[in-house]
Structures are given as C-alpha cells and as structure tokens.
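Dear colleague,

Please find the structure below, handed over for your records.

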Amino acid sequence: SKHLDISEEMFEDVGQCEPLTVRLKNILRDYKDGLTIIKELIQNADDAEATEINICYDTRAHCEDQRSLFFPHMAKTHGPALVVHNNAMFTDDDFKNITKLAG
C-alpha cells in the first residue's frame, strides 16, 4: 500500500496445506443453517472467558472506492460481512492454532 509502505511480500507463509481462504470457505459451507455459526462464535467467546460479545451483520458492499484499500484486488472481498468481536485476550497460542486449521 502506498499509504503504509507495505507490500504483499512482507507477509509470512504459515504453511497451510490448503489456502486458508479455501479452508474457511469450506468450514462455513458445512454450517447448514445461519444460526449454527453464531452459536459457535458465542461458545468460542465463552470458552475464552469473554464477558462481552458484539455481532454485526453488515449487508453493504464497500468496493466502490479502491483508493482506501491496501491492494486493489481486495475490492472483491469488501462485500457483505459478519463481524464478531469479544473482549477476551487473543494469545500467541490462539494465533498459532488459528493458522493451523485442521480438516
């Protein structure tokens, strides 16, 4: 990005045997109804001992102005979104585990 002086080469490959985006797409496809994923995210927050959880389903598309994106090809990912936040602390182990999603 011109704004932050970063490039895609700066990101480290964490060694997935399938692309993370493909894995996440398959996980989401396996949820048969819309509420199951919400229940899972609430359970994850509870397991992490969060005391707050915020869930926002945003139906807007945000791809019209590509000037604010890190990379122009990111525009196709700026459509409707489910945003979930909780107040639990994300640990180094959590980060390691999320990059090693198992099938």
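Accessible areas come from the Shrake-Rupley method with a 1.4 Å probe, and for residues only the protein chains shown count as cover. On that basis, the accessible surface of the protein is about 8,900 Å², with 56% of it belonging to carbon and sulfur atoms.

This is a predicted model, in which local features need pLDDT of at least 70 and side-chain atom pairs count only at pLDDT 80 or more, while totals for chains, interfaces and linings use all residues. Residues are numbered from 1 along each chain as its sequence is written, and side-chain values use heavy atoms, leaving out hydrogens and water.

The protein has 3 helices and 2 strands (DSSP runs, H or I of at least four residues for helices and E of at least two for strands, numbered from the N terminus). Their order from the N terminus is α-α-β-β-α. Of the 103 residues, 12% are buried (under 20% relative accessible area; exposed means over 50%, and partly exposed in between, with a 1.4 Å probe and protein chains only).

The structure holds 1 salt bridge (a side-chain nitrogen of Lys or Arg within 4 Å of a carboxyl oxygen of Asp or Glu). Arg60 pairs with Asp58 in this bridge, their closest N and O atoms being 2.9 Å apart. Arg60 counts as exposed because its relative accessibility is 52%, whereas Asp58 is buried because its relative accessible area is 14%.

Glu49 lies in the loop between α2 (34–47) and β1 (53–58), and counts as exposed at 68% relative accessibility.

Yours sincerely
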